Amino acid sequence: MHTRIDSQPTHQHNNLKMRVGRPLPFGATVMGNGVNFSIFSRHATSCTLVLYEKGHLNPFEEIPFPPEFRVGNVFTMMVFGLNIERIEYGFRLDGPYIPHAGHRFDASKILLDPYARSISGRAIWGEAPDPDNLYQHRAQIVPDDYDWEGDTPPNIPVQDLVIYEMHVRGFTKHHTSNVKYPGTFAAIREKIPYLKELGVNCIELMPIFEFDEFEYSGINPITGERLLNYWGYSTIGFFAPKAGYAATGGLGMEGDELKTLIKELHRNGIEVILDVVFNHTGEGNEMGPTISFRGIDNKTYYMLTPDGRYLNFSGTGNTMNCNNPVVRSMVVDCLRYWVADYHIDGFRFDLASILGRDQNGYPLSNPPLLEALAHDPILANCKLIAEAWDAGGLYQVGSFPAYGRWAEWNGKYRDVTRRFLKGDTGLVWEMAERLQGSPDLYGDRGATASINFITCHDGFTLYDLYTYNEKHNYANGEGNRDGANDNYSWNCGYEGETKDPNINMLRRRLIKNAITTLMMSRGIPMILMGDEMGHTKYGNNNTFCHDNDLNWLNWNNLNKNADIFEFFKQCIHFRHKHKVLRSHEHFYHQDRGESGYPDISWHGTRAWFADWGDYVLTLAFLLDGSHVDDDMIYFAMNMHWEDHIFEIPALPSEMLWHVFVNTSANAWQHIHPPGQEPVLDNQQFINIGARSVVVLVGR
Amino acid sequence: MIYNQLLKSATLFVDIMDIHSEENGKVTVIELFGELDSITAPQAQDHILSLVKQDSRILLDMSQVSYMSSAGLRILLVLYREIQNKVGKIVVCGLNDEVRDVMAITGFLDFFHTVDNREDGLKQLMAS
């Protein structure tokens, strides 16, 4: 092939040869024998490319972009002869430093490329940073030639998902995990058989974009140990996987390691959703470090007050200016990159309501970013999930601008279910709404707009939900002031761990009631990593800063709480087996299968007579699966502190009721494998013990 | 972790890579010496690929390779694809534990049939 003209340098700076680059794509891209560098800044007056030999404190070269290398507001340059494996790069940008006008340029800082696809500096988790290093988070250049071997995303219908919310490090860091490289992407790959056995078909990874675990500098007042930003809701680079989560991060191969994990998960029918944080960055407020965006173009990337201070709708000091067209493009580029290059199946957007605010912070009726994501051709098959609120008081559960695409973390499902399950009254009507996919919230959007969950990383684990009345966050170093106060939890009579067998038995029953309810609910269920083995955080409901047993799963709990794991597993498999539980559609409340039964009917202790009174703590529904070639399913909840006898709706004469779940039975009879449920002795009535649930299958 | 030892070796920047090849019956044995990284990889790739013919049986002996960077691993994959295109076969022998781990974690190992030593590799390729 002939040599291209644009592979020839036109300029020289010391020993390096260059020519004008291509403005797109942004970032550093290998093109033939050159590397194309491209960076946006509207307000900078000049830009310099800074090159380091890997790991060296001082740069070996700085190349100012010649004026003719600026195209519009983009500095672009092709540099030839670079050994991409051995260099790190950054930029110096000069321009006005006028904070009250929104400008904070500082040419003494070396800045991270917002489009960096690999970032060194925190490649080995917890390794203390070198304070003499003036450029802490360094961009690296990586090849984009991963061999996916024909991998295609599973494209699991959204109604069939069972999501498992996971922290990469916490999942396997504990020594009991029995993996070769604990706390890494590679270790998750080793645990795929476990995930399959459990039955989840989608993992939602808490933030894996590069962040600085040392950003948080608190001290645990109880142990004296240093606290970290463990959860990672504080992005430094949106295009780079967290190198410290990779066993090969020190080699700059975190991308290959993560892609290999995703390819293997896909082979096993498991999708990957990323929890993404676009509402703010890790640069904090006026007092925070200048890492990237602040020094590249503060006024473009952040929402500012008229006098240049940071608006703080995220509660973390700054707010990304997501509906500025340049920032919006970056978000779209970023998500496209993760889908195209990493085969990611969906995204959950942290504090997503911020993405619907205009540049002054006011909520938009038709937010262009949310609309762009919903209609983007590359994101067309992605699951898009919003945490539909922000720290500025915007609460949009049920009203998030959806464009027919967006689902929401249903916070109302969490709260109502928690309260009803612990015996709060006045909720029976709303509990029924939540069980059937929250049609009151998502009438036009379908049941799959609702991500149903009872626990997530924020707040108590399921075990702690029934072990603690109050949060116990002293170890966080904030005097127990942090974390939610409204936990809707119940300690069953004793705060914390106890040897009282009756209390422990009750706690286990309540855990089982909760997972049963979640799996019986229409919508998309999400469970929190570790709940299936009774993980405890000892009452701490805000463990963002703990790199220890509070967040690391102790895999010995699989033995200690084997009944809980078995129960979770069977409940999930039951859901997969019964199509009538899973649908995008809301119920019609009509006889769709011409069976004589409506698709859903409500019952109380008397069949066909649900009691919707304020004092009521019993509720049951009957699902007729005939319209989808499925069985009849009866789900009854007795959240009263006394036993109740429930009249069971009569089945067609050729069918019998079988018991799948009865949490008031003896522990070894709580649940039976789907398909092998025993016939119910009394087909007309069932005694449901105090604070218990029952699932029957009619076939 | 893997990276500690490999990083140490990577920072030496030795840039030595030697390649020996010999025909053993119908098998071409290629032995690599030194470090395979972005400096040594281009030349190594040209050399190795020139040895791949239609229906080649290649035994790649890695027992003398102390370090493989991302670029080095990519060469192995290019080699694999080239052999596949030419309906040949490749067996890799002599991977040290660290290189094997990196290859396993990053997915490169999945492409290759590996054996402990050259004798086993020859046996398998002769029989294929």
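The second largest pocket of this predicted model has a volume of about 1100 Å³. Its lining is made up of 38 residues, and A:Trp231, A:Leu351, A:His457, A:Asp458 and A:Asn542 lie nearest its centre. By class, that lining divides into eleven nonpolar, 18 polar and nine charged residues. Here Ala, Val, Leu, Ile, Met, Phe, Trp, Tyr, Cys and Pro count as nonpolar, Asp, Glu, Lys and Arg as charged, and the others, Gly among them, as polar.

Residues are numbered from 1 along each chain as its sequence is written, while chains are lettered from A and ligands numbered from 1 in the order in which they are written. As this is a predicted model, local features need pLDDT of at least 70 and side-chain atom pairs count only at pLDDT 80 or more, whereas totals for chains, interfaces and linings use all residues; side-chain values use heavy atoms, with hydrogens and water left out.

**Enclosed space**

Rolling a probe the size of a water molecule over the atoms shows where empty space is left. On a 1 Å grid over the protein atoms alone, a cavity is a set of points where a 1.4 Å probe fits but cannot get out, and a pocket is an open set with protein on both sides within 12 Å along at least five of seven lines; lining residues have an atom within 4 Å of a point. Grid points are joined across faces, edges and corners, and a volume is the space filled by probe spheres set on the points. This rule gives five cavities of 30 Å³ or more.

The largest cavity has a volume of about 90 Å³. Among the residues that line it are A:His167, A:Met206, A:Tyr230, A:Trp231, A:His457 and A:Lys537. Its lining has six nonpolar, four polar and one charged residues.

The second largest cavity holds about 70 Å³ of space. Its lining includes A:Ile454, A:Leu462, A:Ile515, A:Leu518, A:Asp531 and A:Phe568. Helix H12 (501-520) and strand S23 (524-528) of chain A each give two or more residues to this lining; helices (H or I, at least four residues) and strands (E, at least two) are DSSP runs, numbered from the N terminus. Nine of the lining residues are nonpolar, one is polar and one is charged.

**Rings and charges**

Over all chains, the structure holds 47 aromatic pairs. Rings of Phe, Tyr and Trp (its six-membered ring) pair if their centres lie within 6.5 Å; planes under 30 degrees apart count as stacked, over 60 as edge-to-face and the rest as tilted. Two of the pairs are set out here.

| Pair | Centre distance | Plane angle and class |
|---|---|---|
| A:Tyr146 and A:Trp148 | 4.9 Å | 70°, edge-to-face |
| A:Trp602 and A:Phe621 | 5.5 Å | 85°, edge-to-face |

The pair of A:Trp602 in strand S24 (residues 600-603) and A:Phe621 in strand S25 (residues 618-624) links distant parts of chain A, 19 residues apart. Both A:Trp602 and A:Phe621 are buried, where buried means under 20% relative accessible area, exposed over 50% and partly exposed in between (1.4 Å probe, protein chains only). A:Tyr146 is buried too, at 12% relative accessible area, and A:Trp148 is buried at 12%.

The charged end of A:Lys242 sits over the ring of A:Phe211, 4.6 Å from its centre. A charge sits over a ring if NZ of Lys or CZ of Arg is within 6 Å of the ring centre and within 35 degrees of the ring normal. A:Lys259 lies over the face of A:Tyr342, 4.7 Å from the ring centre.
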